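I opened this structure to see how the fold is packed. My notes follow the order in which I looked things up.

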Amino acid sequence: MKPPSWSALLGRQATLVRRALKPLRDTRRPPPGAGQWLEGLVMSAAGPRRYALFRPDGVRFGERLPLMVMLHGCHQDARSFAASTRMNAVAARERFLVLYPEQPRLSNAQGCWNWFETRSGRAYGEAAWIMQAIDQACLFHAADRERIAIAGLSAGASMAALLATRYPRRFKALVMHSGVPPGAAGSAASAVGAMRGRHEPAAATAADWPPLMVIHGGADGVVSSLNAGAAAALWSQAAGAHAEPPRELRRGKRYPMRITQFRRAREVVATLVEVDRLGHAWSGGAARQRFADANGPDASRMAWRFAARQFSAPVAPRR
């Protein structure tokens, strides 16, 4: 048998090198979306913290766009969360900015936000640097301070709720996907029970929180769906709202969902979206992405439409 030529050997080696480097290239490739993927840093009390920002193409000089803040879940980072939710594609079409703060592994080995560490104050420190990243987006990337919404998945949803209740005047809307309501845990020891729906959140004393949308899967085995109802009830009680009869809705072959709105007069204070057969995953996310289920209704589109309604709603007087 004739031995392979040097050119053939070199070609095989080049192929092997390309295959070996492919995972590294994929981790650096910007998530899908017609726009720019920008990376930045803020200096927190615990050291530098990273974030990414998506800016759609065609932003004009002096133009201020709405801002959607997206907080990833455990075992995720800014890039993987953007890829799994496909929020950048929605932002490119609807013209808004998306901010992705990123939890360093030094702060949590699984990349979780420490939303439950309220007694030690650690959760508030993380909330503070996320607010710094939001301020940078407003200052350097012309985000509109009057049109900011925040959303998150799992631990990110719980941290988003903490931010919205701690800085209620900074956000026009909150979207919690598969998270735990604020006040249900104060330490790591109590967080597990809260995730299983065993702890009721503390009674609300504030009534100026931004409107809430809760999205949760009925088959979630990580965070009990009892937390979804508890979050909606917490917002409802704080605002003196009442629940309307739920509506069943199904779009095409996607999982069906049950939607319950909580109103005070004409104002929708909270919207509860319960998705049948959905596990612990972003509903309607990208196929083959971890913590995403393409068969669910599109949570990214729902989140944006919910936020956009709050951006255009008349300003209600503070109570």
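**Overall.** I am working with a predicted model. I looked up the secondary structure and found eight helices and 13 strands. Of the 319 residues, 52% count as buried. I then checked contacts with a separation of 6 or more, and residues 24 or more positions apart account for 65% of them. The accessible surface comes to about 15500 Å². Carbon and sulfur atoms hold 55% of that surface.

**Helix α4.** I checked whether the length fits the residue count. Helix α4 covers residues 122-140, which is 19 residues. At 1.5 Å a residue it should span 27 Å, and the end C-alpha atoms are 27 Å apart, so the two agree. Which residues of α4 are buried? I listed Ala123, Glu126, Ala127, Trp129, Ile130, Met131, Ala133, Ile134, Gln136, Ala137 and Cys138. Their cover includes strands β1 (35-44), β2 (47-56), β3 (65-71), β4 (97-101) and β5 (143-153), along with helix α5 (155-166). Just after α4, Ala142 has a positive phi of about 60 degrees.

**Cores.** The largest nonpolar core has 57 residues. Those with the most contacts inside it are Leu67, Leu71, Trp115, Ile134, Met159, Leu163 and Leu174. Helix α4 gives this core its largest share, nine residues. Another core, of 35 residues, lies apart from it and includes Phe81, Met87, Phe96 and Leu153.

**Trp115.** I looked up what Trp115 touches beyond four places in sequence. Among its contacts are Ala123, Ala155, Ser158, Met159, Leu162 and Val180. Ala185, Ala191, Ala194 and Met195 also touch Trp115.

Notes: Residues are numbered from 1 along each chain as its sequence is written. This is a predicted model: local features need pLDDT of at least 70, side-chain atom pairs count only at pLDDT 80 or more; totals for chains, interfaces and linings use all residues. Side-chain values use heavy atoms; hydrogens and water are left out. Helices (H or I, at least four residues) and strands (E, at least two) are DSSP runs, numbered from the N terminus. Buried means under 20% relative accessible area, exposed over 50%, partly exposed in between (1.4 Å probe, protein chains only). Contact means heavy atoms within 4.5 Å. Accessible areas come from the Shrake-Rupley method with a 1.4 Å probe; for residues, only the protein chains shown count as cover. The expected span of a helix is 1.5 Å times one less than its number of residues. A nonpolar core is a set of buried Ala, Val, Leu, Ile, Met, Phe, Trp, Tyr and Cys residues joined through side-chain atoms within 4.5 Å.
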